[in-house]
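Work through these exercises with the sequence and the structure side by side. Try each task before reading its solution.

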Amino acid sequence: MDSRRAIVVGAGIVGAACARELARAGYSVTVLDSRPPGCGTTAAGMGHVVIMDDSPAQFALTKLSRELWDQLDLPDYGERETRGTLWVAADSEEMDAVRSKHRAYSDQGVDAEILDEHQLAEAEPNLRPGLAGALRVAGDSVVYPPTVVEWLLNDANCDVQQVDVTEIDDNIVTANDGTTLTADVVVNAAGNYALGLLTEPLDIHVIPRKGHLVISERSAGFCNHQLIELGYLKTAHGNHGETNSESVAFNLQPRATGQMLLGSSRQFGKVDSVVDPGVLAKMVNRAMEYMPGIAKLQAVRTWTGFRGATRDNLPIIGPHPTQPHLYIACGHEGLGITTALGTARLIKQFVLKEEPDIDPAPYASARS
Amino acid sequence: MTSSRSDILVVGAGPAGLAAAVTAAETGCQVTLVDDNPHVGGQVWRAERETLPPRAAQWYARARQAKVHMVGGATVVYAPSPHELFAHSVDGAKKFQCEKLILATGAHERFLPFPGWTLPGVVGVGGLQALVKGGLPVVGKRVALVGTGPLLLAVGAFLMQRGAHVLCIAEQARRTRVLAFGASLAWHPRKLREAVKLKRATRPIPRQYSTWPLAIRARSQSLEIDLTRKPESAAAVTKTLECDLIGCGFGVVPDTVLARALGCDLNGEAVRVNDHQQTSIANVYCAGESNGIGGADLALVEGEVAALRACGQTIGRDLQKRLDRGRSFAQGLNDTYQLRDELRHLGQEDTIVCRCEDVPLEHLHPYGSFRDAKLKTRCGMGACQGRVCGGALAFLRGWAPDSVRPPYAPIPMEDFARMCADATT
Ligand SMILES: Cc1cc2nc3c(=O)[nH]c(=O)nc-3n(C[C@H](O)[C@H](O)[C@H](O)COP(=O)(O)OP(=O)(O)OC[C@H]3O[C@@H](n4cnc5c(N)ncnc54)[C@H](O)[C@@H]3O)c2cc1C
Ligand SMILES: Cc1cc2nc3c(=O)[nH]c(=O)nc-3n(C[C@H](O)[C@H](O)[C@H](O)COP(=O)(O)OP(=O)(O)OC[C@H]3O[C@@H](n4cnc5c(N)ncnc54)[C@H](O)[C@@H]3O)c2cc1C
């Protein structure tokens, strides 16, 4: 008997993860992307696999996803390293936030430990002295997204085609040369462009949010964890879609190569990929406040990327409200590397009508 | 951060940049000339123990006379706009503001990957000359020069003069083509004189045409190179030479980093210019090898033309004629020394193509573009940002380089942040 057929539009990390889940469920999968795989937002992300607790739904999805990352048998070229995250508290007020974060994580069975000022200084000698402490989340890791995409697609053994899709109407996918493809199931994982491809639009919107990153030359040992200032949580919210809303936060990531990747900024209302010097200056200055030694690291390159943000900062995962063969997986904002695996698992469970691992209601496509 | 403002900023103080700066300054413009090297002169005239060759010295004297503001040892690493550029130097960051910009960033050597090309003692021919000028002793050293073009002869003559034993010049081009090009130099008397002089100076060096390297191996105290000679209509013959140093020169690649960062269109590997050295971006001109390989004389003429246009002057008939002749010479040069197809297949599966990130050729097989290969293999992601492997892959695969992002050369984060904070764009 022929196996059932699925089309995944978009070969970013979300599409690649969905393709693999469906292939493992027995589907014969075709992945369409207008570019080579993993060259969209996925190529711009920092690749931090991190549990976040902005909302219970975010917590559930990141926790599920991190468990799935742990089960993945990634080859070395995925550059996965489990160094843990340090949420850095600058003062006693932020230290209170560390404590409540610690409780939240512990209550949900996620290992986390509070570091005081001295333990923090010992863990990260290059941080400025006098910081209040930190929360260490030891199980968080980092990956290199473009090669992970490549591996996911290879592992799925699916057919990847370079096709520019213009429209998705339930299970009919139209390419820019007018040809159409159909399948039993279609997953729309076209990232920031996903919703624009629908013939039946949704009420919910995904708005691009620009981010800047700088990478240094190799300087192994300069820092040992993924470092994020606690204030990041505030900046990650921002005013949805408000033009010129702009924020920066200290976020430093040691890469498997020994390089340091420095983030991060968030801007709405920007659509070109040009490096914005004002934002970059603020971002690097913020990082140097936390870690003065960054000043002397050699910057090799900068780049920008666009996170697809919904109003409630949760991704869209699940069936289209009116088109029964079509599933949507987009709007992952700054967490899509992490949550790609949980997203793909939920999509598979929708398609196979299985009991979902977590409650999918908060990610429904029929919200606004 | 020091800051300076001028009518015209020239980046690159080789022949093109010097001529542009002098010409513009002599028409009364305020001119700043910046170069990453402490000394003016560019590739060909780079000061040898601080003495310039006479022709260069003349241009230099004129530059001083015309009060060109010369800034050495400063690398332009960020250009938020054609009117605002930042440079990094030992004494900190520098900001340049200008009305018009002339790019004269020259070219750098093209390396081709073949087994052994990364061994110690194997260097670019231009690099070898620079090393010797910088004090590397070569007396009695056995040197093999392989690749293509007149640069092999120039460096051969130079090395002989320094007491090296130049074993051979292996030229990949066909003898008939080189001879035909030589004959065409009758139309370019100055070039002919240079060629005759070079030929005389390199007479003792065995010269082989249609010859190229296959592999280099390290021996305990020396190197061993396999050279293959493939005359038309005859079987290839391979022989092995033992030597101490090997200079490879497969031509040069226009340096277009700054131009691309500003959004200038390219024409193949070079910056696209119109008849007046104007690029596709308003107020940005380009002269010299960054807009096509053609030697120092053409670079000088182009520098003059770019400067006159940038200053709103017309191009005299004589200058136009020199420009046309220079371009026809450049065309002949590039046709004659075009790299042959066989050179595309010298690399083995495990031959390194990206030295910064140690990427072997076999890793690139699945990919169809520089960007895709870069993202998946790290090829071109290192400190040189594809300057070295880019020239190889343009020839091997026809790949256009990936986008340029600041900083254009590695600099400390604090300096970069300072420049960004100071940018008005
Ligand atoms: C600066 C920055 C830092 C980040 N850091 C992190 C981090 O540390 N951790 C984390 O978890 N996440 C991070 N993210 C977020 C993460 O990168 C994204 O959420 C994730 O990559 C989204 O993946 P995707 O597959 O949905 O989108 P994409 O990678 O953009 O994939 C969508 C694909 O669809 C294709 N496509 C679009 N339109 C069409 C069409 N019409 N036809 C055919 N194909 C089409 C595109 O070419 C693209 O390949 C970061 C993002 C940014 C910008
Ligand atoms: C070893 C050698 C010998 C040669 N001999 C001859 C010869 O005998 N006859 C002949 O006709 N040609 C010769 N050539 C070719 C000759 O070098 C070129 O034709 C000529 O130098 C081109 O001039 P240019 O001004 O375009 O570039 P260049 O001379 O290369 O000058 C460009 C300058 O710009 C600087 N620069 C680039 N980017 C930046 C930046 N971002 N910031 C600051 N500065 C920057 C570079 O450091 C360089 O100094 C030789 C070349 C080499 C390498």
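**Exercise 1: The surroundings of ligand 2**

A backbone N or O atom of B:Ala16 is 2.9 Å from an oxygen atom of ligand 2. This is a predicted model, where local features need pLDDT of at least 70, side-chain atom pairs count only at pLDDT 80 or more, and totals for chains, interfaces and linings use all residues. Residues are numbered from 1 along each chain as its sequence is written, chains are lettered from A and ligands numbered from 1 in the order in which they are written, and side-chain values use heavy atoms, with hydrogens and water left out.

Task: Describe what surrounds ligand 2.

Solution. 
- Step 1. Look for backbone partners. B:Pro15 places a backbone N or O atom 3.3 Å from an oxygen atom of ligand 2. For a polar backbone atom of B:Ala296, the distance to a ligand 2 oxygen is 3.0 Å. A polar contact is a pair of N or O atoms within 3.5 Å; within protein, one must be able to donate a hydrogen and the other to accept it, and residues adjacent in sequence count only if both atoms are side-chain atoms.
- Step 2. Check the cover. On its own, ligand 2 has 980 Å² of accessible area, and the protein covers 85% of it. Such areas come from the Shrake-Rupley method with a 1.4 Å probe; for residues, only the protein chains shown count as cover.
- Step 3. Count the shell. It has 28 residues, and the closest are B:Asp35, B:Asp36, B:Val76, B:Gln129 and B:Glu289. A residue is near a molecule or strand if one of its heavy atoms lies within 4 Å of it.
- Step 4. Sort by class. The shell around ligand 2 holds 12 nonpolar, 11 polar and 5 charged residues. Ala, Val, Leu, Ile, Met, Phe, Trp, Tyr, Cys and Pro count as nonpolar, Asp, Glu, Lys and Arg as charged, and the others, Gly among them, as polar.
- Step 5. Find the domains. Domain 1 (2-107 + 253-335) and domain 2 (111-249) of chain B each give at least three residues to the shell around ligand 2. Domain bounds come from an automatic or database domain assignment.

**Exercise 2: The surroundings of ligand 1**

Task: Which backbone atoms and which elements surround ligand 1?

Solution. 
- Step 1. List the nearest residues. There are 34 residues around ligand 1, and A:Asp33, A:Thr42, A:His48, A:Val165 and A:Thr338 come nearest.
- Step 2. Take the nitrogen atoms. A backbone N or O atom of A:Val165 is 2.8 Å from a nitrogen atom of ligand 1. A polar backbone atom of A:Gly334 is 3.0 Å from a nitrogen atom of ligand 1.
- Step 3. Take an oxygen atom. A:Ile337 has a backbone N or O atom 3.0 Å from an oxygen atom of ligand 1.
- Step 4. Check the cover. Ligand 1 exposes 990 Å² when taken alone, and the protein buries 94% of that.
- Step 5. Name the elements. Helix 1 (13-24), strand 17 (298-309) and helix 8 (336-351) of chain A give two or more residues to the shell around ligand 1. Helices (H or I, at least four residues) and strands (E, at least two) are DSSP runs, numbered from the N terminus.

**Exercise 3: Helix 12 of chain B**

Task: Is helix 12 of chain B mostly covered or mostly uncovered?

Solution. 
- Step 1. Count. Helix 12 spans residues 387-397 of chain B, and 8 of its 11 residues are buried, so it is mostly covered. Buried means under 20% relative accessible area, exposed over 50%, partly exposed in between (1.4 Å probe, protein chains only).- Step 2. Name examples. The buried residues include B:Cys389, B:Leu393 and B:Phe395.
- Step 2. Find the partners. The buried residues of helix 12 pack against strand 16 (252-254), strand 20 (352-354) and helix 11 (370-377) of chain B. Contact means heavy atoms within 4.5 Å.
- Step 3. Look just past the helix. B:Gly398 takes a positive phi of about 70° there.

**Exercise 4: Backbone exceptions**

Most residues other than glycine have a negative phi, and most peptide bonds are trans.

Task: Are A:Glu333 and B:Lys67 buried or exposed?

Solution. 
- Step 1. Start with A:Glu333. Its phi is positive, about 45°, although it is not a glycine. A:Glu333 sits in the loop between strand 19 (326-330) and helix 8 of chain A. A:Glu333 is buried, because its relative accessible area is 11%.
- Step 2. Turn to B:Lys67. Phi of B:Lys67 is near 60°. B:Lys67 is exposed, because its relative accessible area is 69%.
- Step 3. The peptide bond from A:Gly263 to A:Ser264 is cis, with omega near -10°.
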